[in-house]
Amino acid sequence: MNYVSDWRPMQNLSNLYEYLSYVAGRYPHNYVVQTIREGEVTSYTYERLLADVRKIGNYLVRSGYSNRHIALIGNFSYEWMASFFALLYANNVVVPIDYGQSRERMLDLIYRAEASVIIAQRSALSGNREIATDDRIQSILYFEDWERILHDDANAYSETTFDPPVQDTNAMIMYTSGTTGISKGILLTHRNILHNAIASVSRIGEHAFPPGRTSLALLPPFHMFWIAAGVFASIYYGEALCCSDNSLKDIELLIKTFKPTCLIGVPQMVEGLHKKIWATAKKSGKEQLLRKMLNISNGLRKIKIDLRPLFFKSISDSLGGNLHTIICGGAAADEQVLEELSGFGITTLVGYGVNECSSIVSVNPPERQKNSSIGLPVPAPFCQVRIQDEEIQISGSIVMRGYFNDPEGTEEAFDGEWFKTGDIGFIDDDGYLYITGRKKNLIILSDGNNISPEELETRIRESPLVDSVLVYAVESRQASALHASVFPNADYCAANAISDIRGELMKLLAQINAENPRYMKIFDLHIRNEPFEKTAIGKIKRYLYTGMQEAQNG
């Protein structure tokens with residue numbers, strides 16, 4: 001295995017600012033962030049980021065903004081990155097907040113984290129002006145102020161004397177995604193996040209990525225997977241994180257401008273990319289040719305002849321021409337999708353993330369992948385994994401301190417030192433981890449059979465007809481039966497002149513039912529006119545759509 005050789009010195013770093021200092025010392029002149037702003041590309045080096053973090057951090061300490069809980073609100077940007085590390089430098093607890101929610105919801109998260117100060121992108125609060133006037137918010141600082149502060153009198157914001165954070169110091173309160181109900185505030189220390197970064201790059205390897213690597217910021221910075229993989233693990237390799245003022249809506253512009261070597265995303269994004277490749281081929285009348293070329297290419301690779309750059313150049317060009325790796329986490333990914341993307345020349349490293357474990361728990365190493373798996377657990381002493389009553393449980397230094405101000409929830413989440421993930425899975429003879437569903441989502445039928453709805457949903461979602469789907473059980477006096485609620489892909493249906501959407505979906509369900517035992521058959525279909533309500537990274541808020549309620553909404 002290609003492990004990182006120098007993780008032991010990193011383990012002794014005191015805090016996350018020192019981690020930034022460590023990587024900035026390795027790549028001082030590399031770009032750390034490149035952004036499109038008002039049509040122009042602006043680039044910032046690791047050396048500049050480190051200097052700006054110290055200046056902003058010292059300003060925060062002098063202004064009384066240290067040893068606090070401070071909410072961080074905005075899109076990923078250079079200013080977000082500088083603010084994040086400056087808050088950590090100044091011994092604060094960072095509370096990333098999703099601003100795409102109601103004022104009441106945002107304030108609830110801020111108050112529950114005991115944060116009375118906000119650092120924000122001005123436009124992120126433009127639709128929530130009431131937050132700025134709420135009497136429980138003491139002050140708001142804006143990203144846009146940093147330019148003035150950084151160019152002000154140097155003596156006014158010189159070095160300050162204060163107690164820096166240590167590994168046991170609290171670093172973040174990260175809220176759970178809210179797919180099963182009220183979000184909980186996960187309390188993470190500098191050690192948790194530092195050790196997760198070390199463990200992640202240790203599993204991926206020292207030379208996993210070539211020099212000049214660039215990644216697109218396609219996930220929101222209030223999600224722990226992006227912070228763990230997109231920030232802490234990525235900067236170890238000296239990569240540039242590329243974004244725009246409107247990152248999540250400007251994907252095509254970002255790809256054209258930065259020609260990324262790597263994307264960091266979730267299975268929904270990977271499946272969407274795969275569907276787009278095949279939809280484009282079908283639209284141009286080249287679907288059968290593409291399938292034939294894929295089969296020929298795969299056959300040639302078995303005898304060590306790799307013609308993927310030649311065969312699939314048009315696909316590569318549509319993705320910027322340099323894309324070779326996708327790091328995918330958040331849920332299990334479809335094995336066929338991964339194999340076909342690999343066939344096109346795009347390696348997808350699937351991993352498994354748990355917010356309560358500082359996110360990254362396992363990842364497929366580049367040189368020894370199993371596409372059916374969510375990878376090898378990151379190594380001890382940072383992480384240990386066991387299967388207890390089919391549930392994946394985790395212990396080690398990456399596991400959270402607990403849920404903030406929720407001792408009962410914390411106690412319920414642990415079995416001794418083992419965090420109970422709620423995910424169902426197993427470990428194979430080679431040590432690879434597999435996930436088969438969520439314990440809380442498990443459907444127990446009246447005949448005693450257990451069904452993981454995710455397994456059926458993944459199969460249904462393979463069809464380009466389907467945008468999103470939820471499988472659930474409907475109870476009656478006679479028995480319980482599986483139903484599926486589908487929100488169709490309207491663009492695909494329009495492009496292919498499909499008018500009988502229900503009829504086509506029923507054919508799809510008939511095919512899936514024919515492959516499964518009777519207790520896994522889906523007996524009815526509900527077509528939604530409105531999309532499901534989802535979290536920021538595209539997971540359906542399942543608790544809103546259960547049982548007969550869903551049947552009525554369908």
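This is a predicted model: local features need pLDDT of at least 70, side-chain atom pairs count only at pLDDT 80 or more; totals for chains, interfaces and linings use all residues.

Q: How do I read the strand order of the open sheet of nine strands?
A: Strands of a sheet pair through backbone hydrogen bonds, either parallel or antiparallel. Strands are DSSP runs of E, at least two residues, and helices are runs of H or I, at least four residues; both are numbered from the N terminus. Two strands pair if DSSP finds at least two bridges between them. Here the order is 2-1-10-9-11-12-13-14-15, with mixed pairing. Strand 2 (40-45) and strand 15 (376-377) are the edges, and each pairs on one side only.

Q: Do strand 1 and strand 2 run parallel or antiparallel, and how many bridges join them?
A: They run antiparallel, with six bridges between strand 1 (residues 31-37) and strand 2. Look at Arg-37: its bridge partner in strand 2 is Glu-40.

Q: Which strands does helix 4 touch?
A: Contact means heavy atoms within 4.5 Å. Axes are lines fitted to C-alpha atoms, for helices over the stretch in contact, and angles run from 0 to 180 degrees between N-to-C directions. Helix 4 (residues 78-89) packs on the sheet and touches strand 1, strand 2 and strand 10 (240-244). Its direction makes about 140° with that of strand 1. Helix 8 (residues 190-204) lies across strand 14 (359-363) and strand 15, at about 20° to strand 14.

Q: How do helix 3 and helix 4 cross?
A: Angles under 35 degrees count as roughly parallel, over 145 as roughly antiparallel, 65 to 115 as roughly perpendicular, and the rest as oblique. The axes of helix 3 (residues 46-62) and helix 4 come within 8 Å and cross at roughly 55°. Helix 3 is therefore oblique to helix 4. For handedness, a crossing is left-handed if the near helix is turned anticlockwise from the far one by less than a right angle, and right-handed if clockwise. This crossing of helix 3 and helix 4 is right-handed. Among the residues that meet are Leu-49, Val-53 and Ile-56 in helix 3, and Met-81 and Phe-85 in helix 4.

Q: What is the angle between helix 17 and helix 19?
A: Helix 17 (residues 453-461) and helix 19 (residues 501-515) pack at about 135°, with axes 10 Å apart. So helix 17 is oblique to helix 19. Their crossing is right-handed. The residues in contact include Leu-456 and Ile-460 in helix 17, and Leu-508 and Ile-512 in helix 19.

Q: Which strands does helix 19 lie across?
A: Helix 19 lies across strand 24, strand 25 and strand 26, at about 155° to strand 26. Those three strands form an open sheet in the order 24-25-26, with mixed pairing. Five bridges join strand 25 (residues 480-488) to strand 26, and the two run parallel. His-483 stands opposite Asp-524 in strand 26.

Q: Is Arg-528 buried or exposed?
A: Buried means under 20% relative accessible area, exposed over 50%, partly exposed in between (1.4 Å probe, protein chains only). Arg-528 has 9% relative accessibility, so Arg-528 counts as buried. Arg-528 lies in the loop between strand 26 (522-527) and helix 20 (547-553).

Technical notes: Residues are numbered from 1 along each chain as its sequence is written. Side-chain values use heavy atoms; hydrogens and water are left out.
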